[in-house]
Amino acid sequence: MFYDILILTSAVIVLMSFYNLYKAAKIEKNFDNYLFIITSEKNYYIGAVIFSLAILIIATYQAIPYGTNKKIFSIILFFLAVFLLSLSHLVYYYRVKKKLSDYKDFFEKFGIDLNNNCEKLMLKHIYSKEKDLEKIKEIFKLNKNLCKDKK
């Protein structure tokens, strides 16, 4: 029963991976994606891919002597699904970064320092509450001084 649930979970994760790749093919220039670029770290995605690949290789190497049965298949499939999900996030990140290569020019309008994490997170928080770009600029300019000494 446990291994059936693990196989089902793996199938759901694989579907999520394919959905991420589908979304990566249809990236639009919108504020959500611009915020994604400045608040995401590529090192996180690279680390996740390397870690999940290492776990997959180790699990596969450990399972090879036992042959294949439902238990081993479900465990290997789960780690493969996690690897595919990590890889799809990395692909999405690079596709967004390539498509929205003008993000620095876009955020110059806000007067945001892209090296200041406080300002980036403040902008993201303001956007979660307000969707009008003019109001976002106004609110951000009023509160920008809160992040002067924080990087």
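Buried means under 20% relative accessible area, exposed means over 50%, and partly exposed covers what lies in between. Keep that in mind as we look around this structure, which is a predicted model.

Tyr 94 has a relative accessibility of 39%, so it counts as partly exposed. Tyr 93 comes in at 3%, so that residue counts as buried.

These two also form an aromatic pair with each other. Their ring centres are 5.6 Å apart and the planes make an angle of 75 degrees, an arrangement called edge-to-face. They belong to one aromatic cluster, made up of Phe 36, Tyr 44, Tyr 45, Tyr 92, Tyr 93 and Tyr 94. One member of the cluster, Tyr 92, also has a lysine over its face: Lys 23 is there, at 5.5 Å from the ring centre.

Now find the two residues along the chain. Phe 31 belongs to helix H2 (residues 31-39) and Tyr 127 to helix H6 (residues 117-129), so the pair links distant parts of the chain, 96 residues apart. Are Phe 31 and Tyr 127 buried or exposed? Both are buried. Tyr 127 has a lysine over its face too: Lys 131 lies there, at 4.1 Å from the ring centre.

## Helices around H4

Next, some helix packing. Two packed helices are described by the angle between their axes and the distance between the axes. Start with helix H1 (residues 2-25) and helix H4 (residues 70-99), which pack at about 15 degrees with their axes 8 Å apart. Angles under 35 degrees count as roughly parallel, and H1 and H4 are therefore roughly parallel to each other. The crossing of H1 past H4 is left-handed. Sorted by class, the residues in this contact are 19 nonpolar, seven polar and five charged.

H3 packs against H4 as well, at an angle of about 160 degrees and with the axes 9 Å apart. Angles over 145 degrees count as roughly antiparallel, so H3 is roughly antiparallel to H4. H3 passes H4 in a left-handed crossing.

What about H2 and H4? Their axes come within 10 Å and cross at roughly 110 degrees. The range from 65 to 115 degrees counts as roughly perpendicular, so that is the label for H2 relative to H4. This crossing of H2 and H4 is left-handed.

Asn 20 sits in helix H1. With a relative accessible area of 10%, Asn 20 is buried. Asn 116 is another one to find, in the loop between helix H5 (103-108) and H6. At 2% relative accessibility, Asn 116 counts as buried.

Now for two residues with other labels. Ile 50 is in helix H3, and with a relative accessible area of 56% Ile 50 is exposed. From the C-alpha atom of Ile 50 to that of Glu 119 the separation is 30 Å, and the two are 69 residues apart along the chain. Glu 41 lies in the loop between H2 and helix H3 (42-63). Which label does Glu 41 get at 45% relative accessibility? Glu 41 counts as partly exposed. The C-alpha atoms of Glu 41 and Phe 78 are separated by 25 Å, and these residues are 37 apart along the chain.

Key
Residues numbered from 1 in each chain as written. Predicted model: local features only at pLDDT ≥ 70, side-chain atom pairs only at ≥ 80, totals over all residues. Heavy atoms only, no water. Axes fitted to C-alpha atoms, helices over the stretch in contact; angles between N-to-C directions. Helix = DSSP H or I, 4+ residues; strand = E, 2+ residues; numbered from the N terminus. Left-handed = near helix turned anticlockwise from the far one by under 90°. Nonpolar A, V, L, I, M, F, W, Y, C, P; charged D, E, K, R; others polar. Buried < 20%, exposed > 50% of the residue type's maximum accessible area, 1.4 Å probe, protein only. Phe/Tyr/Trp six-rings, centres within 6.5 Å; stacked < 30°, edge-to-face > 60°. Lys NZ or Arg CZ within 6 Å of the ring centre and 35° of its normal.
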